[in-house]
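Okay, everyone, thanks for coming. Let me put the model up and talk you through its inside.

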Amino acid sequence: MGCSEGSFGEAHGDGPSSDGAHVAPASEQAPALMAAAVKGPLRPNQQQQLLKELEGRPTTAAGFGLEPNALPPLVEHNPSIAVEVLLRLLKSKAAAADYLAVMVGMDLSLHSLEVVNRLATSAELPQEFVQDYIAGCIASCERAQDNFVQNRLVRLVCVFLQSLIRNNIVNLQDLFLEVQAFCISFSRIREAASLFRLLKTLEAADDGDEDDLMEAQSCQDK
């Protein structure tokens, strides 16, 4: 039932591989995997290995060499890894602050919205961050020059906001007017109209509020 020293080392990843090359222990491979995750998408087995390593890590990401300015490419290439890193950082407000600030400033994309949405439904995010991120999303939509890109971003942001609202993650009182103005500005887009109706339902407004949307949409079409 015993095993040789060689086979024991291989089982633990710190001995020679089948071709005689040295295989680093998992703890040594983790920083290299994190560096690779910043540069491009990891293979499924690499993702699983890095996620397993993250499970036993403390709140800081410094052990994996991930600096705040490396977060945007990590989000775009490997959003699931970014979520796990940020969830651990959120256990310490001081450790998370710089990374959340980077999230607010990064380019709006499907992956960045997915990461924030998953964070918001898995942990308690600072309300200041949530509000700043939403404001940044709205500004990104307004700045978009290409109509196709703008319409796509607006749809993504509206779905994202509905998720936050339905899960009671965002304090609408602080953002109501800004989000309402956003919906009216893009009322030609179905998701914006749906978000507007949700806002008005939650506000318990009278039936005349939907007339405002129809009027705004009519103006947009002219």
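So, Leu-50: leaving out residues up to four places away in sequence, Leu-50 touches Ala-30, Leu-33, Met-34, Ala-37, Leu-42, Phe-64 and Ile-81, a contact being heavy atoms within 4.5 Å. Quick caveat: this is a predicted model, where local features need pLDDT of at least 70, side-chain atom pairs count only at pLDDT 80 or more, and totals for chains, interfaces and linings use all residues. Residues are numbered from 1 along each chain as its sequence is written, and side-chain values use heavy atoms, with hydrogens and water left out.

Leu-50 also belongs to the largest nonpolar core, which has 66 residues; Leu-50, Met-34, Leu-74, Met-103, Ile-134 and Val-179 touch the most other members. By nonpolar core I mean buried Ala, Val, Leu, Ile, Met, Phe, Trp, Tyr and Cys residues joined through side-chain atoms within 4.5 Å, and buried is under 20% relative accessible area, with a 1.4 Å probe and protein chains only. Helix H9, residues 147-166, gives the most to this core, with 9 residues (helices are DSSP runs of H or I, at least four residues, numbered from the N terminus).

Now, how many disulfides are there? The structure holds 0, counting a pair of cysteine sulfur atoms within 2.5 Å as one. The sulfur of Cys-158 has its closest cysteine sulfur in Cys-183, 5.4 Å away, so that's too far for a bond. Cys-158 is buried, at 0% relative accessibility, and Cys-183 is buried too, with a relative accessible area of 0%.

Notes:
Buried < 20%, exposed > 50% of the residue type's maximum accessible area, 1.4 Å probe, protein only. Helix = DSSP H or I, 4+ residues; strand = E, 2+ residues; numbered from the N terminus.
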